[in-house]
Structures are given as structure tokens and as C-alpha cells.
Amino acid sequence: MKVWVTVVCFVILIVMFTLISTLLILGATNKIENDLSGLYENVVKNNYNLARSNYLDIVKKWNEYKKSWAMLIEHQEIDKIDEELTKIKEYLFEQDKTLLLSEISLLKFYVSHVREMILLKIENIF
């Protein structure tokens with residue numbers, strides 16, 4: 001009887017941890033995507049001062065999320081997001097609109113890919 005109670009408690013803990021980690025990543029990806037949309041709009045409008053402010057907010061939030069994401073997702077995804085943020089910083093500094101918009105879109109794709117990977121789906125299990 002004690003073995004079954006222990007197994008059930010262990011399964012409940014795993015399910016709770018999975019739900020909490022999924023909710024954390026979903027919330028973070030939504031916030032980053034919203035901020036990236038603001039950055040994208042400011043670049044389209046050639047408002048680079050606001051775009052720099054958006055970029056700094058995104059980097060600040062990302063540095064907070066990155067620590068917890070490192071325990072929950074593959075490091076390759078974190079490295080891709082870091083790489084794109086670095087490219088965006090340089091293109092923002094150069095005010096290269098075309099490359100900047102393309103890198104922002106690519107970063108949005110990486111962030112949404114993380115969200116898709118963490119969701120409990122059949123294709124993510126097998």
C-alpha cells in the first residue's frame with residue numbers, strides 16, 4: 001500500500017511540475033512576442049529611439065526568463081534567441097531596416113517555436 005501511495009504522489013508531482021513549467025513558458029513567450037510586435041511596429045515607423053527602448057526591455061525580460069528556461073527547454077533554442085538578439089542590436093544600431101525586420105520576424109518564430117515545443121501534443125511526445 002505504501003508503494004502505491006508513493007507512486008501516486010510522485011506522478012502527481014510530475015504532472016504539477018509539467019503544468020507549472022508550461023504556464024511559465026507560455027506567459028513568457030506571450031510577453032516577448034508582444035514586445036517584439038511593438039519593436040517591429042516602431043522599426044516600420046522609423047522610430048528608432050522607441051525601438052531601442054523596446055529592444056532594451058526585451059533584453060531585460062529575456063535575461064530574467066533565460067535562467068528559468070535553461071532548466072526547462074533545450075539550450076539550442078536559448079542560444080538561437082541570444083544570437084538573434086545580438087543581431088537585432090547591431091542592425092538597430094546601424095538602422096538597417098530591412099535586415100532588422102527580418103531578424104525580428106525570425107526571433108518571433110524562435111519564440112513561438114519554443115511555445116509549440118512545450119505544449120503537450122502527440123507530435124511532441126513521439
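This is a predicted model: local features need pLDDT of at least 70, side-chain atom pairs count only at pLDDT 80 or more; totals for chains, interfaces and linings use all residues.
Visitor: Okay, where does UniProt place the "transmembrane region"?
Guide: The unreviewed UniProt entry puts that feature at residues 7–28.

Visitor: And what is the chain doing over residues 7–28, helix or strand?
Guide: Residues 7–28 are 100% helix and 0% strand, with 32 Å between the end C-alpha atoms.

Visitor: Switching to rings. How many aromatic pairs are there?
Guide: The count is 3 aromatic pairs. Take Tyr65 and Trp69: their ring centres are 6.4 Å apart and their planes meet at 15°, so this pair is stacked.

Visitor: Why does 15° make it stacked?
Guide: Because planes under 30 degrees apart count as stacked, and Tyr65 and Trp69 are at 15°.

Visitor: Where do those two lie?
Guide: Both belong to helix 2, which covers residues 48–72, and they are 4 residues apart, about one turn of the helix.

Visitor: Is Trp69 buried or exposed?
Guide: Trp69 is buried, at a relative accessible area of 1%. Tyr65 counts as buried too, with 15% relative accessibility.

Visitor: Which residues do ring pairs link into a cluster?
Guide: Trp62, Tyr65 and Trp69.

Visitor: What about Phe109 and Tyr110?
Guide: They make a tilted aromatic pair, 6.0 Å centre to centre with 55° between the planes. Phe109 is partly exposed at 48% relative accessibility, while Tyr110 is buried at 15%.

Visitor: What sits over the ring of Tyr40?
Guide: The charged end of Lys108, 5.7 Å from the ring's centre.

Visitor: New topic: how many salt bridges?
Guide: A search of the whole structure turns up 5. One of them joins Glu33 and Arg115, whose closest N and O atoms are 2.5 Å apart.

Visitor: What does that pair tie together?
Guide: Glu33 is in helix 1 (residues 2–44) and Arg115 is in helix 4 (residues 97–118), so the bridge ties together parts 82 residues apart in sequence. Glu33 is buried at 15%, and Arg115 also counts as buried at 18%.

Visitor: Which residue does Asp82 bridge to?
Guide: Lys66, with the closest N and O atoms 3.4 Å apart. That links Asp82 in helix 3 (residues 75–94) to Lys66 in helix 2, 16 residues apart. Asp82 is partly exposed at 22%, and so is Lys66 at 25%.

Visitor: And Lys87, what's its partner?
Guide: Lys87 pairs with Glu83, at 3.7 Å between the closest N and O atoms. Both lie in helix 3, 4 residues apart.

Methods: Residues are numbered from 1 along each chain as its sequence is written. Side-chain values use heavy atoms; hydrogens and water are left out. Rings of Phe, Tyr and Trp (its six-membered ring) pair if their centres lie within 6.5 Å; planes under 30 degrees apart count as stacked, over 60 as edge-to-face and the rest as tilted. Buried means under 20% relative accessible area, exposed over 50%, partly exposed in between (1.4 Å probe, protein chains only). A charge sits over a ring if NZ of Lys or CZ of Arg is within 6 Å of the ring centre and within 35 degrees of the ring normal. UniProt positions are given in the numbering used here, feature names are shortened, and annotations may be inferred rather than shown by experiment. A salt bridge is a side-chain nitrogen of Lys or Arg within 4 Å of a carboxyl oxygen of Asp or Glu.
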